[in-house]
Amino acid sequence: MSSAHSTSSASAPGPLFSAIRRNSDDITGRKNLQLLIQLRWIAMFGQFATILVVNYGFGIALPVAHMLVVLFGLLLLNAVSMLRMKLPRAIGNTELFLSLLIDVATLTLLLALSGGATNPFVFLYLLQVILGAVLLEVWSTWVILVTTTLCFGWLAWYGHPLPMPLDHSEGLFSLYIEGMMICFVLNGVLLVIFINRITRNRRQRDEHLAELRQRAAEEEHIVRMGLLASGAAHELGTPLATLSVILGDWKHMEPFKSDGDMAQEIAEMQTQVLRCKSIVSGILLSAGEARGESSEETTVREFLDELVEEWRDTRPVKDFIYLNDFGTDLSIVSDSALKQSIHNVLDNALEASPNWVRLDVHREEETLLVSVTDRGPGFPAEMLDNLGRPYQSSKGRPGSGLGLFLVMNVLRTLGGNLRARNLVQGGALVTLSLPLSVVTLEEE
């Protein structure tokens, strides 16, 4: 049953992933349009230089004025394309297809004015077809191929050959052969450069999508864990309340009151039950979107001071250092998920280093930095490489390794990040960064 659910989730990603994928495709489309713009600039300068060399260098008469008008039209197209890049609307297959069609039409006009099908640069049509095959959908590529074929046929039927000597037998000394060779080299160089760039864009998009798919799977995993935790918290609420009442009654019974050791143990049991109830309440609060349902106004210093005090009172920490160097205090909304995240990092540090833990708070411009240092054995190298992935742990216990995974995803949700590194002198440093804008209270 679970495997079927996993398969369906993998094959049918949610709407959030689909939206992110559309955004990724748009980024790739913009990069591809930018490549076409760059290619067009190169073509314009190359064609302008070729017109001057052929007309004035080789003495072959060309309608220079008409050809410059066509190049000016290409210049305007590039200007419009650059303005289009600034618009927020997505760039898809249709726009790239139309851009290539206009390039084909421009090339056809230039060839029609300079010898038609006998112009050796007629093979630049191949560049348009190959770019279409790489950039466009299949149907668009076939349209480009058919269009270039029809244009080639039209040039062969209606074109007027240039007054060039028929010296093909002279090999590389033939003007026509030299033109074909230049066309071949130009096609090859441009294809190598731009197809490599296009391939790199697609590879980056695929890597980005793979990372997003992994993150979507992790978030789905968190949702399932949250449902289980919420259900367990509801079930635990009643027995914990019963234990709290019973311990309260025991505390006032004469046999327990007269026994000092027993009274002390009952007090310790009450403390632990209260801690369990607090954890359960925190789980239910987080499951109910704490910020929306039970937000409280506080400040950064007050939030962190209370958080540290609560953690220190409920954990067997021996030497704990807390330094709050946040600076000017700031009004914020308390966030139970953030509080639990910092508790998780502190718990991990305490487990690795039972005798010494340190917590530092800093502010870098508009970012809150919370750093936790321990004197434990540090993180294994493979764990640092996969930080934030589930079940990455050095504890060797079944189910361990979820603490930093949950912390990482809470911070991602809030727009923050988590970093960890081993210290040269031993131990580890874990730093939580959070944009203050996501918790800051807006002034009315």
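## About the model

Because this is a predicted model, local features need pLDDT of at least 70 and side-chain atom pairs count only at pLDDT 80 or more, while totals for chains, interfaces and linings use all residues. Residues are numbered from 1 along each chain as its sequence is written, and side-chain values use heavy atoms, with hydrogens and water left out.

## Overall picture

The protein has 14 helices and seven strands. Both are DSSP runs numbered from the N terminus: helices are H or I with at least four residues, strands are E with at least two. Of its 444 residues, 37% are buried; here buried means under 20% relative accessible area, exposed over 50%, and partly exposed in between (1.4 Å probe, protein chains only).

Contact means heavy atoms within 4.5 Å. If you take the contacts between residues at least 6 apart in sequence, 72% of them join residues at least 24 apart.

## Helix H6 and its partners

Let's begin with helix H6 (residues 138-158) and helix H4 (residues 93-112), whose axes come within 11 Å and cross at roughly 10 degrees. Axes are lines fitted to C-alpha atoms, for helices over the stretch in contact, and angles run from 0 to 180 degrees between N-to-C directions. H4 and H6 are therefore roughly parallel (angles under 35 degrees count as roughly parallel, over 145 as roughly antiparallel, 65 to 115 as roughly perpendicular and the rest as oblique). On the H4 side the contact includes Phe97, Leu101 and Val104, which meet H6 residues including Trp139, Val143 and Trp154. By class, this contact of H4 with H6 has 12 nonpolar, five polar and no charged residues. In that scheme Ala, Val, Leu, Ile, Met, Phe, Trp, Tyr, Cys and Pro are nonpolar, Asp, Glu, Lys and Arg are charged, and the others, Gly among them, are polar.

Helix H5 (residues 125-135) also packs with H6, at an angle of about 170 degrees and with the axes 8 Å apart. That makes H5 roughly antiparallel to H6. Tyr125, Gln128, Val129, Gly132 and Ala133 of H5 make the contact with H6 residues including Thr141, Leu145 and Phe152. This contact of H5 with H6 has eight nonpolar, four polar and no charged residues.

## Aromatic pairs

The structure holds three aromatic pairs. Rings of Phe, Tyr and Trp (its six-membered ring) pair if their centres lie within 6.5 Å; planes under 30 degrees apart count as stacked, over 60 as edge-to-face and the rest as tilted. One of the pairs is Trp154 with Tyr158, tilted, at 6.1 Å centre to centre and 40 degrees between the planes. Trp154 and Tyr158 are four residues apart in helix H6, so about one helical turn separates them. Trp154 is partly exposed at 40% relative accessibility, and Tyr158 is exposed at 51%.

Trp311 and Phe320 form another tilted pair, 5.2 Å centre to centre with 50 degrees between the planes. Trp311 is buried at 0% relative accessibility, and Phe320 is buried at 11%.

Val407 sits in helix H14 (residues 403-413) and is buried, with a relative accessible area of 1%. Beyond its neighbours within four places in sequence, Val407 is in contact with Ser341, Asn344, Val345, Leu418 and Leu432. The C-alpha atoms of Val407 and Asn417, 10 residues apart along the chain, are 9.1 Å from each other. Ser341 belongs to helix H12 (residues 336-352) and is buried at 2% relative accessible area. Not counting residues up to four places away in sequence, Ser341 touches Val407 and Val410.

In helix H3 (residues 64-85) you will find Asn78, buried with a relative accessible area of 0%. Leaving out residues up to four places away in sequence, Asn78 touches Ile37, Arg40, Trp41 and Met44.

## An exposed loop residue

Glu365 lies in the loop between strand S4 (356-364) and strand S5 (367-374). Although not a glycine, Glu365 has a positive phi of about 55 degrees. Glu365 is exposed, with a relative accessible area of 70%.
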